[in-house]
Amino acid sequence: MKWFGTGDYDIARQVLQRGIAAIFLIAFVSALAQFPALLGENGLLPVRRFTQVVSMRRAPSLFQWRYSDRLLRLVAWWCVLLAASVVLGLPQAGPAWLPMLVFLVLFGAYLSIVNVGQTFYAFGWESLLVEAGFIVAFLGSDAVATPLPILLFLRWLVFRLEFGAGLIKIRGGREWRDLTALFYHHETQPMPNPVSWFVHHLPRWFHRGEVLGNHAVQLLLPFLLFAPQPVASIAAGIIVLSQLWLVLTGNFAWLNWITIVLAASAVDDASFRWLGGWVVPALRDPAQMEAPGEQPVWFVVVVLAVTALLLVLSYWPARNLLRRRQLMNASFNPFHLVNAYGAFGTVTKERFEVVVEGSADEGPRSEDGWLAYEFRGKPGAVGRLPGQFAPYHLRLDWLMWFLALGARDTRWFEVFLARLLQGDRATLRLLAGNPFPDGPPRFVRARVFRYRFSTPAERRAGHVWWVRTEAGVLVPPVTLPPQAPPPAPPPHG
């Protein structure tokens, strides 16, 4: 069965299983902190309203049968514990079916969240985590050799992720073809981090080099993932380095980290040991490692059946790669298996931000009474250095970036403003602070500003990271409608 299993990728299996489990852990912690306020019983886009109009067939989910904030928290906490057990390596020490069962539970639970998450979960890395979680479920445990079909399919996943992103750029905005995209990206990306300001001010020849490097990594190296060793390991290593540069310069939730983990599928044990076996105890001399047992027949049958299913589902994303109008971050089935990926087909040249303000005054006439709500991650106060939040995902902040770009779906934002007027505690916990600790404001409004990074001279003179100019009003001052008085009691007689 050497064609099926191998002992040359045992370290890769550990990296894949523990790494994907760690990202699942972060994702479920994020759901615990944000899902009830965004999508819960009193959320901005309640799940119950969604499931009334979208069927189980279109969006399979545990929460189609019943949703409550308590059930969501119960599921998420259990999955945090399961994911933590894989990070510690506990299921991997058991029979081959045990990590398979754990990952399938994580897959099903997170699929249930994504499929009712609406616009707050409409990100490519949500589908990526769901797909990756399903595939790594069939890597088995330490008791069996690492199955080659699953490793190869994980490389196909990295290929779709990288090559799809490269094609979407070449087919997208001219700025990717004339090598000017990075003149703007570090400033206009959804959520800059503490390094973004400094990288933005690097010479333009450096930014052109960034674009050239990006094209090489995304359009050429993915093919080498299927080459013999050590070429495949070298290609994977370069992809990892490119992802670490993105980690250093921006906040893209867990997109970069999961790509780094998945790239391990192309790195053999010899390369891992050469890279740093003396640092990690698990990377010991292969002669001292326990040889895996024989492959159980049931395990071979299951893995081959799953591989066949995934190959059939690959038809749609493969066809999408060849289409002139390539879809970006698209799922072709309700289980989010074998998806199409891609990001930043175009780069915005100017940054706009929606600034939400409240006023406790009786009438919103004076500008002095308006106080801004600060978000955790998105730019607001010009003197505040952008923070580092990835791999944690700040969903509300990301939606505010799309809102400033002119997103059509604004229902959630209308409810968000209403929750601020109500002083809703769950909503306020999503923000960096509450400027009205003694009670909710009487009015709220939303203004649009154009933001740009300050120049080094402006930074030294004014101690600011941003310079902004007002560009318009998105929502004029609004308040809650007056409550109707209670009905008069019936007359006695």
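Tyr 110 counts as buried, at 0% relative accessibility (buried means under 20% relative accessible area, with a 1.4 Å probe and protein chains only). This is a predicted model, where local features need pLDDT of at least 70, side-chain atom pairs count only at pLDDT 80 or more, and totals for chains, interfaces and linings use all residues. Residues are numbered from 1 along each chain as its sequence is written, and side-chain values use heavy atoms, leaving out hydrogens and water.

**Aromatic rings**

- A search of the whole structure turns up 40 aromatic pairs (rings of Phe, Tyr and Trp, the last by its six-membered ring, with centres within 6.5 Å; planes under 30 degrees apart are stacked, over 60 edge-to-face, the rest tilted).
- One of them joins Phe 28 and Tyr 110 edge-to-face, at 5.4 Å centre to centre and 80° between the planes.
- That pair links distant parts of the chain, with Phe 28 in helix α1 and Tyr 110 in helix α4 (residues 97–114), 82 residues apart (helices are DSSP runs of H or I, at least four residues, and strands are runs of E, at least two, numbered from the N terminus).
- Trp 156 and Phe 159 form a stacked pair, 5.7 Å centre to centre with 25° between the planes.
- Both of these residues lie in helix α6 (residues 148–170), 3 residues apart, or about one turn of the helix.
- Ring pairs also build a cluster, and its members include Phe 24, Phe 28, Tyr 110 and Trp 254.

**Nonpolar cores**

- The largest nonpolar core has 126 residues, and Tyr 110 and Phe 413 have the most contacts inside it (a core is a set of buried Ala, Val, Leu, Ile, Met, Phe, Trp, Tyr and Cys residues joined through side-chain atoms within 4.5 Å).
- Helix α1 (residues 10–39) gives the largest share of this core, 15 residues.
- Apart from it lies another core of 7 residues, including Val 355 and Trp 465.

**Cavities**

- You can look for 4 cavities of 30 Å³ or more (on a 1 Å grid over the protein atoms alone, a cavity is a set of points where a 1.4 Å probe fits but cannot get out; lining residues have an atom within 4 Å of a point).
- The largest cavity holds about 50 Å³ of space (grid points are joined across faces, edges and corners, and the volume is the space filled by probe spheres set on the points).
- Strand β3 (residues 351–359) supplies the largest share of its lining, 3 residues.
- Among the lining residues are Val 354, Tyr 373, Lys 378 and Arg 468.

Note on methods. 1 Å grid on protein atoms, 1.4 Å probe; cavity = no way out; pocket = protein on both sides within 12 Å on 5 of 7 lines; lining within 4 Å. Buried < 20%, exposed > 50% of the residue type's maximum accessible area, 1.4 Å probe, protein only.
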